Amino acid sequence: MNGIGLKEIKNLKTIFILHFIFYAILIVLNFIFLSKIIWINKSLYYICLAWNFFGIIFFIYPIVPFIFLLSKKLAKDNVLILKKITLIFCIASITLSLFFSYILMTNSMD
């Protein structure tokens, strides 16, 4: 594992499992909140619902590094690739969050 100790591997496994659990909780809460909001404009509801399903892709991300870790293929090159993928997911997450905020604000102002 190129200098990665067993303690760090255990910590990473724990972090990835928690990451996976937190995303699962967030997705469930997102769909619950979506159903509880009184939607003035139904088209905004359907757009938001579609983006929520798109957001499930973010649920898959914690699995990828965890698989690398379990298969003991976590090398320096893989970490750099995962770092770039994380940056892409972070930018996409921020964009998606801003989009949801805009939709919710538009719904509340109508």
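Residues are numbered from 1 along each chain as its sequence is written. Because the model is predicted, local features need pLDDT of at least 70 and side-chain atom pairs count only at pLDDT 80 or more, while totals for chains, interfaces and linings use all residues, and side-chain values rest on heavy atoms, with hydrogens and water left out.

**Helix 2**

Helices here are DSSP runs of H or I with at least four residues, numbered from the N terminus. Helix 2 covers residues 42-55, and its 14 residues reach 20 Å from the first C-alpha to the last, close to the 20 Å expected at 1.5 Å a residue; the expected span is 1.5 Å times one less than the number of residues. Its buried residues are Leu44, Tyr45, Cys48, Asn52 and Gly55, where buried means under 20% relative accessible area, exposed over 50%, and partly exposed in between, with a 1.4 Å probe and protein chains only. An α-helix has 3.6 residues a turn, so residues three or four places apart point the same way. On the face turned away from the buried side, helix 2 carries the exposed residues Lys42, Tyr46 and Phe53. The cover over the buried residues of helix 2 includes helix 1 (6-36), helix 3 (57-60) and helix 5 (76-109), with contact meaning heavy atoms within 4.5 Å.

**The largest pocket**

The largest pocket has a volume of about 330 Å³. Of the 16 residues that line this pocket, Tyr23, Leu26, Asn30, Leu96 and Phe100 are the closest to its centre. Helix 1, helix 2 and helix 5 are the elements that give two or more residues to the lining, and helix 1 provides the largest share, 7 residues. Sorted by class, the lining has 11 nonpolar, 5 polar and no charged residues.

| Residue | Element | Relative accessible area |
|---|---|---|
| Phe68 | helix 4 (residues 63-70) | 25% |
| Val79 | helix 5 | 38% |

Phe68 and Val79 are 11 residues apart in sequence, and their C-alpha atoms are 9.4 Å apart in space. Val79 and Phe20, which are 59 residues apart along the chain, have C-alpha atoms separated by 18 Å.

Key: On a 1 Å grid over the protein atoms alone, a cavity is a set of points where a 1.4 Å probe fits but cannot get out, and a pocket is an open set with protein on both sides within 12 Å along at least five of seven lines; lining residues have an atom within 4 Å of a point. Grid points are joined across faces, edges and corners, and a volume is the space filled by probe spheres set on the points. Ala, Val, Leu, Ile, Met, Phe, Trp, Tyr, Cys and Pro count as nonpolar, Asp, Glu, Lys and Arg as charged, and the others, Gly among them, as polar.
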